[in-house]
Amino acid sequence: MTPQVRSNFRGARAWVALPQDQNREVLVRTLERLGLSVFERCPDAADVVAGLQDVAFFDADQDFTVPDADIPHIALIGMEAPSRLARVVRHRASSVLMKPVRATGVFTALFLAFNEHAIRQREVIERANLSRRAEGRRVVIKAILKIMKDDDVSDDEAYRRMRVASMTRRISIEEFAAQTVAASTSSMRLAGTAAHERKTKQP
């Protein structure tokens, strides 16, 4: 499925952490023309509440504190020095604007920033899903091995039994496997505790 590309930013809320200069004036004016609402605070403000803003602009030429929020960040660059560019990389800016700011580049910066950030978020979700699936497969294998050992059956038969049991209980096979492994672990712990108690009670 092809990811949807966002091209309309009307109604988005922008946090502008820039000094009072011509660049800020042009940026704010252009953002408002594009339908964004602009949230302006002093340049060193660091208390942006996550969820109240949709995009943040910061000046990479100034050592300002960038809000630590999971939103797109757009860096303004006036000098292509390694230290300035390193600041952009550290803050993982999704897009950049070259200074002096002109109205013609703002939409492009927004377009790239919002869509790049969306791609990053999808990748995080996909990695988490892959990790959960891998963990689920690992637990299923553990449960299969336990059933094979306990009931002296083949791996196919063990998996069939798990599938039937999970369908009967109306849960996923991964959930059933997790319960089987958890029950086995608890039984082993109880057996170990009982053995330890018997040993300690011996004269």
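Helix H3 supplies the largest share of the lining of the largest pocket, six residues. The model is predicted: local features need pLDDT of at least 70, side-chain atom pairs count only at pLDDT 80 or more, and totals for chains, interfaces and linings use all residues. Residues are numbered from 1 along each chain as its sequence is written, and side-chain values use heavy atoms, with hydrogens and water left out.

**Largest pocket**

- The largest pocket holds about 200 Å³ of space.
- Its lining has 13 residues, and the closest to the pocket centre are Asp-70, Ile-71, Arg-92, His-117 and Arg-120.
- By class, the lining has three nonpolar, five polar and five charged residues.
- Nonpolar covers Ala, Val, Leu, Ile, Met, Phe, Trp, Tyr, Cys and Pro; charged covers Asp, Glu, Lys and Arg; the others, Gly among them, are polar.
- A pocket is an open set of points on a 1 Å grid over the protein atoms alone, where a 1.4 Å probe fits, with protein on both sides within 12 Å along at least five of seven lines.
- Lining residues have an atom within 4 Å of a point.
- Volume is the space filled by probe spheres set on the points, with grid points joined across faces, edges and corners.

**Overall fold**

- The chain has five helices and five strands.
- Along the sequence the pattern is β-α-β-β-β-α-β-α-α-α.
- Helices (H or I, at least four residues) and strands (E, at least two) are DSSP runs, numbered from the N terminus.
- The chain has 203 residues, and 34% of them count as buried.
- Buried means under 20% relative accessible area, exposed over 50%, and partly exposed in between (1.4 Å probe, protein chains only).
- Among contacts in the chain with a separation of 6 or more, 51% come from residues 24 or more positions apart.
- Contact means heavy atoms within 4.5 Å.

**H1 against H3**

- Helix H1 (residues 22-33) packs on helix H3 (residues 103-151) at an angle of about 65°, with axes 9 Å apart.
- Axes are lines fitted to C-alpha atoms, for helices over the stretch in contact; angles run from 0 to 180 degrees between N-to-C directions.
- The crossing of H1 past H3 is right-handed, meaning that the near helix is turned clockwise from the far one by less than a right angle.
- From H1, Val-26, Leu-27, Thr-30 and Leu-31 meet Ala-103, Val-106 and Leu-110 of H3.
- Six of these contact residues are nonpolar, one is polar and none is charged.

**Val-106**

- Val-106 lies in H3 and is buried, at 0% relative accessibility.
- Val-106 touches Leu-27, Thr-30, Leu-31, Leu-34, Leu-97 and Val-101, not counting residues up to four places away in sequence.
- Val-106 and Ile-74 are 32 residues apart in sequence, with C-alpha atoms 9.9 Å apart.

**Loops and backbone**

- The peptide bond from Lys-99 to Pro-100 is cis, with omega near 0°.
- Pro-100 sits in the loop between strand S5 (95-98) and H3.
- Asp-152 has a positive phi, near 55°, in a residue other than glycine.
- Asp-152 belongs to the loop between H3 and helix H4 (155-169) and is exposed, at 71% relative accessible area.
- Ser-154 is in the loop between H3 and H4 and is partly exposed, at 40%.
- Ser-154 and Ile-144 are ten residues apart in sequence and 9.0 Å apart, C-alpha to C-alpha.
- Arg-170 also has a positive phi, near 60°, and is not glycine.
- Arg-170 lies in the loop between H4 and helix H5 (173-201) and is exposed, at 78% relative accessibility.
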